[in-house]
Every structure is written in structure tokens, then in C-alpha cells.
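Hello,

Below is the structure I said I would pass on. My notes follow it; please read them with the model open.

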Amino acid sequence: VDPDVLAKLRAIVGERHVLVDPDLTAGYSVDWTGRFRGSASAVVRPASTAEVAAIVRICAAGRSPLVVQGGNTGLVGGSVPMAGEIVVHLGRLDHLEPVDTVAAQVTVGAGVRLALLHEHARLAGLAFGVDLGARDSCTIGGMIATNAGGINVVRHGMMRQQVMGIEAVLGDGSVVSHLSGLPKDNTGYDLAGLLTGSEGTLGVITRARLRLVPRYDERVTAVLGFADVKAAVGASGHLRRRLADLDALELMLAPGIALVLGTDYASAPDALRAPAVLLVEVAAHLDPTDAFASVVERLDLAAVPLVAIGSEQRARLWAIREGHTEAIGRLGPPIKLDVSVPIAEIARFVAALPAVVPDGAGLVVFGHLGDGNLHVNVTGVLRSVANEGGGPPPVLPPDATVESIEHDVLTLVVAHGGSISAEHGIGIAKVRHLTMCRSAEEIAAFRAIKRALDPHLILNPSVLVAGT
Ligand code: FAD
Ligand code: MLT
Ligand code: ZN
């Protein structure tokens with residue numbers, strides 16, 4: 001970085017919040033999966049909206065591109081400085097304002113970690129409607145920027161449905177702030193809606209006003225085993241129709257569960273060893289066990305249901321579902337394809353997948369069945385950039401490149417009426433595939449919006465609308 005720019009950044013945030021030593025910036029330069037490694041020219045850690053605005057103004061004046069980073073748990077490489085950008089890390093914007101229990105809303109800093117927001121809302125007798133496995137690390141700013149989904153979308157929707165207002169710094173350093181949280185407020189363009197899902201390309205989110213939801217203390221968590229995906233999908237329709245308090249409806253398949261459980265798989269209860277498994281959670285103010293039992297007894301199950309008794313057993317069932325990402329990661333970075341498929345097409349799509357994955361590669365599929373969202377992981381193809389020794393080289397057909405594998409899986413998604421990204425975003429991982437589901441006219445509109453809000457094209461230049 002230009003020494004003059006560095007000096008100005010130090011003057012804003014203080015010497016110890018500008019990192020340039022490669023040993024210190026290394027952790028900010030690689031993604032969670034180890035697939036994407038860049039090199040931050042500097043890492044800057046502001047503590048307020050005013051500091052973020054001052055940083056962006058300096059970067060804009062010097063035409064120095066920057067990458068916005070929260071918890072760095074994103075799964076499409078969007079927070080990685082691939083071209084030596086300055087990383088602006090939002091972790092110090094971690095202020096939680098008191099919960100407004102009358103409106104059931106709260107205003108929080110972009111750097112607040114999800115688990116802390118959950119605890120904050122819980123203590124006020126409420127809850128936050130989005131939850132996901134990276135809850136201890138991911139931040140509210142990153143979740144808004146990616147429009148994160150997770151395990152409760154079937155009940156509460158994605159981040160977009162929780163965001164009532166946003167404060168953000170645009171690409172020229174100007175601050176837009178609209179945090180009143182009024183449920184009715186038709187006064188022009190919905191900037192909060194535009195910034196949600198913009199993946200750091202339009203503005204740096206610094207604060208947000210969020211909707212909270214009722215806190216349900218009575219839960220039933222159960223694993224249901226089915227003969228195949230078609231039977232699980234059929235049952236999921238029944239569960240959705242009959243259970244008003246359905247909180248989560250997650251799909252796991254035998255290869256994924258076997259990978260998570262390892263040698264314990266052989267002795268696991270029958271429900272967990274069925275070919276297709278649903279993890280179902282119902283949450284209510286009054287005990288929903290009887291309502292759940294009467295719905296489940298009508299299902300055509302392949303094994304006796306496994307119902308968690310107490311919070312410890314519940315946590316164990318969720319650990320199997322949430323353990324998929326790490327278990328897959330232990331095989332080396334996967335080609336991770338987070339996709340949406342119409343629910344009616346899911347069984348046909350899953351059945352067709354093995355034919356488009358090359359011999360020699362592994363395939364692990366799981367996801368949020370209630371939302372038609374599958375996580376397709378092709379393993380054994382990529383070597384870890386974080387760990388050069390990461391696994392043996394794959395033995396694949398000569399024409400099987402990463403791009404061709406991604407293209408073949410995503411072509412199948414589109415052929416089934418789906419979307420190439422459900423909840424993780426485009427990031428840098430899917431930029432080259434964006435035209436598969438967005439028209440030239442739509443992408444031209446994206447670019448016009450990008451140029452309007454980030455006139456010097458300094459915000460996350462490799463992400464989403466790269467090459468604008
Ligand atoms: P980062 O990874 O730091 O950044 C993600 C993107 O947002 C980048 O493009 C970055 O530039 C941008 N960004 C970050 N902060 C800001 C900001 N303040 N302003 C503007 N742009 C910003 N995702 C789901 O949707 N559902 C899941 O169920 C889910 N489960 C996961 C489980 C595990 C184990 C892991 C590792 C990840 C999971 N994810 C899931 C992905 C990830 O947690 C989410 O995408 C999350 O929203 C990223 O938040 P973050 O703070 O880590 O963002
Ligand atoms: C999940 O649902 O567990 C996540 O989105 C993470 C993943 O896709 O691995
Ligand atoms: Zn997910």
C-alpha cells in the first residue's frame with residue numbers, strides 16, 4: 001500500500017488497528033474452506049461508522065480497492081483479498097443496543113456475532129429468527145451482506161425478512177442511515193433491501209435495525225428415516241401443511257451421516273442409518289409433542305423415529321446435521337455448490353446428480369429441505385491452498401476441471417428450474433456462472449447500480465459484478 005495511504009489509515013484507527021505484517025494478515029487472507037487464498041496489503045479495524053467512512057474516503061481518493069470482512073465464514077470467497085486489496089474488518093463494530101421489547105426490534109453493530117445477538121434477544125424474552133452453524137463467528141453485517149439463510153428459514157425467512165433498517169458507508173464515503181424500524185415507511189427506494197445480499201459490493205454495512213421474533217421454549221426435535229429422497233420430500237410437504245409450529249426441516253443422506261459419524265455409524269439408531277433422513281424441529285409456547293406425534297404417525301417411515309429427550313440429546317442430533325461442513329472439510333476443500341431447486345424437483349435432481357460428477361470424485365448432499373435448498377459438495381478434486389499437503393491428488397478423467405464440474409452441476413440445477421445460489425451468494429466462486437441464471441439486461445442493471453453507489457469501483461471488486 002502507498003505509505004501515504006497507510007499513514008492516513010493509522011491516523012484514523014490508531015497504529016495497532018492497521019496490520020501489515022504478513023504473519024498477522026495471513027488469517028484474514030484465506031477463506032474458511034481453504035479454497036481461496038489472497039494476500040491483504042493491509043488489514044484495517046475501524047470501531048465506528050465515522051471511522052469506516054473516513055477509511056472508504058481515503059481508499060476512494062487513492063483508488064485503493066478494499067474487501068469488507070466480518071467473521072470470514074462465507075463459503076464463496078467474497079471476503080478474501082484475492083488481488084491484494086486492503087481488508088476492512090468490522091469486528092470492532094460490536095455494540096448491542098438495548099432490545100425494544102414493545103416493537104420487538106433491536107439495533108446492532110455490523111460486527112456483532114450471531115451467537116451474541118441470540119443471547120441478547122433471549123435475555124429480553126425474544127429471539128432472533130435466523131440461525132446457522134457458523135453462529136459463533138459470523139457477524140450480522142456479513143449475514144446481511146450475504147442474505148444468509150440457515151436452519152429456521154422455513155419459519156422466519158432469510159436475513160432480508162429480519163432487516164428493518166440499515167446504516168452503511170457507500171463507495172464514495174458517504175453515510176446512509178435509516179434505522180427507525182417503522183413497519184410502514186413508503187418514502188422511496190428500499191436501500192436496506194438493496195444492500196441486503198449485495199455481498200459488500202455497494203456499501204459497507206455498519207449498523208442494522210433487526211426484527212425479533214417470539215421466544216419458544218417448548219421444543220420437539222426428531223430424526224425421521226425414509227427409504228429414499230422421494231419419500232422424504234413427500235413427508236416434508238405433509239409436515240409443512242400440518243405443523244404450524246415447524247421451526248426446521250433439514251435433509252441428510254446416508255453418505256453425509258456416515259462421514260460425520262465415522263466408526264459410530266454402524267451402531268447408530270436405525271432412523272439415522274436410513275437412506276434419506278429428516279431432522280425436524282417444532283417449537284411453541286406450549287409443549288408440541290402430542291401434535292408432532294399425531295402428524296408423524298401418518299408418515300411412511302423406514303425406521304422408528306428418533307426423538308430427542310432433553311437438550312443434550314437435541315444438541316447431539318443437531319451436531320450430526322451441523323457437523324457436515326467440517327466433516328466434508330476434513331477431506332480437503334470441497335467444490336461447494338449451494339443451490340435451490342423447486343421442492344417438487346428435488347428427488348429427480350438428487351437422482352440425476354451422480355451422473356454429472358466425474359468418477360473418482362466424492363459427492364455429499366444435504367440441506368435445508370424446507371426451503372428447497374441443497375448443499376452439493378463435490379469432494380476430492382481441489383487441494384487445499386491453506387495446507388499444501390492436503391490429501392492425495394485426485395484421480396479424475398482428463399477433461400474434469402473444476403469449472404466443468406461446477407458448470408455441469410449448475411446446468412442440472414437450471415434444467416430443474418433452480419437457482420445457482422440459494423443462500424451463500426455468488427462471491428468470487430460463482431462469478432463466471434452468473435449468466436446461467438441472470439439475463440444480460442439484469443446484469444447491466446446490477447452494473448448500473450454498482451456504478452451509482454460505488455463510483456470508483458473500490459468495494460469488493462472481484463465479487464458478484466466483477467469486471468464492471
Ligand atoms: P464474511 O465471510 O466475512 O463475508 C461474507 C460476505 O459479506 C463477503 O462478500 C464480505 O465482503 C461481505 N461483508 C461482510 N461484512 C460486511 C459488512 N459489514 N458490510 C458489507 N459487506 C460485508 N450460510 C447460510 O446462509 N446458511 C447456513 O446455514 C450457513 N451455515 C454455515 C456453517 C458453517 C460451519 C460455515 C463455516 C458457514 C456457514 N454459512 C451459512 C456461510 C456463512 O456463515 C454466511 O455466509 C455468513 O452470513 C457470513 O458472515 P460473515 O460475518 O462470516 O461474513
Ligand atoms: C449448512 O447449511 O450447514 C451450511 O450452509 C454450510 C455448508 O453448506 O456447508
Ligand atoms: Zn446451509
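Glutamate 167 sits in strand 7 (residues 163–170); strands (E, at least two residues) and helices (H or I, at least four) are DSSP runs numbered from the N terminus. The model is predicted, so local features need pLDDT of at least 70 and side-chain atom pairs count only at pLDDT 80 or more, while totals for chains, interfaces and linings use all residues. Residues are numbered from 1 along each chain as its sequence is written, chains are lettered from A and ligands numbered from 1 in the order written, and side-chain values use heavy atoms, without hydrogens and water.

Glutamate 167 is buried, at 7% relative accessible area (buried means under 20%, with a 1.4 Å probe and protein chains only). Its side chain makes a polar contact of 2.9 Å with that of serine 177; such a contact is a pair of N or O atoms within 3.5 Å, and within protein one must be able to donate a hydrogen and the other to accept it, with residues adjacent in sequence counting only if both atoms are side-chain atoms.

Now the ligand. Among the 35 residues around ligand 1, those that come nearest include Val68, Gly70 and Thr139 (near means a heavy atom within 4 Å). Polar side-chain atoms lie 2.7 Å from an oxygen atom of ligand 1 in threonine 139, 2.9 Å in threonine 146 and 2.7 Å in asparagine 460. Helix 5 gives the most to the shell around ligand 1, with five residues.

Regards

Key:
Buried < 20%, exposed > 50% of the residue type's maximum accessible area, 1.4 Å probe, protein only.
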